[in-house]
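Good morning, and thank you for making time for this presentation.

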Amino acid sequence: MSEINALFHSLVERLVGPLDQIGSFFDGRLAPGGGAPIALVDPASDTEWLRFNDVTPNHVLSALESCQAGQQVWAELSAQKRGIALHALSTLVAENAEPLAQLESLTSGKGITASRAQLQSVVEIFRYYAGWTDKFGGNVIPVPGGQLNYTLREPLGVVLAIMPWNSPVYLAAWNIAPALAMGNAVLLKPSELTPLTSLALAKLAIEAGFPPGVLNVINGLGQSVGDLAIANCITKKVVFVGSVQTGRRVNAAAAKRPIGCLLELGGKSANIVFEDADLTAAVKAAIVAGFANTGQNCAAGSRLLVHRSVYDRFVDAVAKAASEYRIGMPLDESTEGGPINNRAQFKRIGDMVQMALDEGATMAYGQEPPSGQNGFFVRPTVLRDVHNRMRIAQEEVFGPVVVAIPFDTEDEAIAIANDSEFGLAGAVWTRDIARGHRVAKKVRAGIFWINMYRDMHVATPFGGYDSSGYGRSSGIESLYEYTQTKSVWVPTQVGA
């Protein structure tokens with residue numbers, strides 16, 4: 001373990017700065033906090049990595065004022081220059097991808113193979129939006145009379161982005177890149193459980209040529225940052241990724257001003273398997289859908305809806321595959337799933353599985369911690385004999401727990417899929433392509449796959465229905481989220 005500690009400390013000092021200076025990052029430099037100490041814990045061993053201090057109200061105000069000043073400089077740059085800076089940031093991320101992936105794995109618990117893949121996506125995200133900076137604009141509108149009317153797409157100003165702990169650097173990039181591309185500044189608030197790669201990203205942005213203040217990181221507890229930053233008139237929009245309960249509080253706080261929100265609040269996505277599906281492929285996909293990132297995934301296929309005629313053998317096959325899913329240390333190359341990120345979530349998963357068993361579900365494959373490991377490890381769990389009114393079928397677990405629910409008809413499968421407060425993602429498995437399209441049309445979800453699961457790309461819109469939030473955080477649609485429209489009128493005829 002001493003080798004891991006030494007690696008952790010060397011990565012922090014290389015990518016972020018001296019351990020005793022860890023805090024927020026604004027005006028192009030680290031800014032240690034002045035509040036109560038916060039412990040950063042290794043999820044693989046339940047031991048402390050380091051401590052940093054919470055922010056004070058003065059830190060929040062200083063970070064916002066820095067963003068406001070930086071945004072004015074950033075917005076005055078040409079779109080081409082902003083694109084060059086974003087592309088330079090993508091290059092720096094690529095050059096530092098391996099140490100960033102290692103730091104991401106150590107602090108979040110994510111397996112190193114998954115962290116490396118997400119860092120490559122971060123590179124792609126910044127390159128994608130670098131290409132949009134000078135290609136997104138307004139329109140000329142033909143109006144009656146002797147006037148020219150055209151529209152401008154202008155930046156909002158300062159965007160507050162509040163991110164979770166499950167995929168810190170990936171979700172940060174996914175949500176800040178379109179805002180930056182459109183000329184906004186971002187105050188990034190990472191989870192206090194996983195702040196380090198976000199701080200590293202802000203430091204790389206300065207190296208890439210971003211003006212100080214364009215990307216600031218405020219690192220502290222949610223209650224120390226959220227209400228203050230949202231209530232401040234400098235903040236023009238809030239982007240939040242996290243739980244429904246916290247998202248509702250963020251939305252209510254923003255509504256008092258009022259300012260806009262983009263909310264991504266998770267899901268309880270239905271992965272529907274018909275009797276005519278390629279069951280071998282569907283089993284493999286069910287494992288990825290349910291257990292990728294140890295189930296700490298907003299679009300997880302956590303409700304497995306299976307036609308009754310193949311229910312028993314399909315669930316048995318998923319349980320067998322789950323037993324072979326490799327849970328291990330984050331930096332082990334063979335690890336498919338690492339530890340749960342934190343003690344509170346670890347306990348919640350165990351409590352919810354026990355609740356399901358008390359409700360009448362049975363264990364197809366078990367949830368006990370793997371032997372010989374002291375951290376927050378949970379085995380992939382497959383629960384059968386579940387019906388959709390059970391709490392385990394309605395509430396997001398955010399862990400490696402899949403519930404298997406039988407159905408008899410296409411209409412019943414759709415009804416079960418839609419019997420949820422969530423509407424983020426879903427999938428259908430069938431050789432009847434017409435049925436695949438029918439189901440895709442009728443299931444209420446922002447993302448839907450036919451004979452596949454979990455493929456995503458920055459060029460396509462991502463977001464959900466109902467309690468899964470609103471707004472779209474990627475693709476061209478995200479550029480509308482971070483700009484506002486100005487309509488300009490000019491007379492072109494005498495007397496018009």
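Two residues are said to be in contact when they have heavy atoms within 4.5 Å of each other. Please also bear in mind that what is displayed is a predicted model.

Let me begin with Gly290. This residue belongs to helix 10, which covers residues 279–291. Is Gly290 buried or exposed? Its relative accessibility is 2%, so Gly290 counts as buried. If we set aside the neighbours within four places in sequence, Gly290 is in contact with Gly295, Gly301, Gly399, Pro400 and Val402. I would draw attention to Val402 in that list: 112 residues separate Gly290 from Val402 in sequence, yet their C-alpha atoms are 5.9 Å apart in space.

I turn now to the backbone. As a general rule, most residues other than glycine have a negative phi, and most peptide bonds are trans. Thr294 has a positive phi, near 55°, and is not a glycine. Thr294 sits in the loop between helix 10 and strand 13, the strand of residues 303–307. With a relative accessible area of 3%, Thr294 is buried. Phe398 also has a positive phi, about 60°, without being a glycine. Its place is the loop that runs between helix 13 (391–394) and strand 16 (401–407). Phe398 counts as buried at 17% relative accessibility, because the limit for that word is under 20%. As for the peptide bonds, the one from Arg257 to Pro258 is cis, with omega near 0°. Pro258 is found in the loop between helix 9 and strand 11 (260–264).

Next, the helices. Two packed helices are described by the angle between their axes and the distance between the axes. Which residues join helix 1 to helix 4? Helix 1 spans residues 2–15 and helix 4 spans residues 97–108; their axes come within 10 Å and cross at roughly 125°. That angle makes helix 1 oblique to helix 4. The crossing is left-handed. On the side of helix 1, the contact is made by Ile4, Leu7, Phe8, Leu11, Val12, Arg14 and Leu15, and on the side of helix 4 by Pro99, Leu100, Gln102, Leu103, Leu106 and Thr107. Of these residues, 10 are nonpolar, two are polar and one is charged.

A second pair is helix 3 (residues 79–95) with helix 7 (residues 196–207), packed at an angle of about 125° with axes 9 Å apart. Helix 3 is therefore oblique to helix 7. Their crossing is right-handed. Leu89, Leu92 and Val93 of helix 3 meet Leu201, Leu204, Ala205 and Glu207 of helix 7. This contact consists of six nonpolar residues, no polar ones and one charged.

Helix 8, residues 222–231, has Ser224, Val225, Gly226, Ala229 and Ile230 buried. Among the elements that cover these buried residues are helix 2 (57–76), strand 7 (158–162), strand 8 (185–189), strand 10 (235–241) and helix 9 (244–255).

Finally, the cysteines. How many disulfides does a search of the whole structure find? The search finds zero. For Cys261, the nearest cysteine sulfur is that of Cys233, 17 Å away. Cys261 is buried, at 7% relative accessibility. Cys298 is buried as well, with a relative accessible area of 14%.

How values were computed
Residues are numbered from 1 along each chain as its sequence is written. This is a predicted model: local features need pLDDT of at least 70, side-chain atom pairs count only at pLDDT 80 or more; totals for chains, interfaces and linings use all residues. Side-chain values use heavy atoms; hydrogens and water are left out. A disulfide is a pair of cysteine sulfur atoms within 2.5 Å. Buried means under 20% relative accessible area, exposed over 50%, partly exposed in between (1.4 Å probe, protein chains only). Axes are lines fitted to C-alpha atoms, for helices over the stretch in contact, and angles run from 0 to 180 degrees between N-to-C directions. Helices (H or I, at least four residues) and strands (E, at least two) are DSSP runs, numbered from the N terminus. Angles under 35 degrees count as roughly parallel, over 145 as roughly antiparallel, 65 to 115 as roughly perpendicular and the rest as oblique. A crossing is left-handed if the near helix is turned anticlockwise from the far one by less than a right angle, and right-handed if clockwise. Ala, Val, Leu, Ile, Met, Phe, Trp, Tyr, Cys and Pro count as nonpolar, Asp, Glu, Lys and Arg as charged, and the others, Gly among them, as polar.
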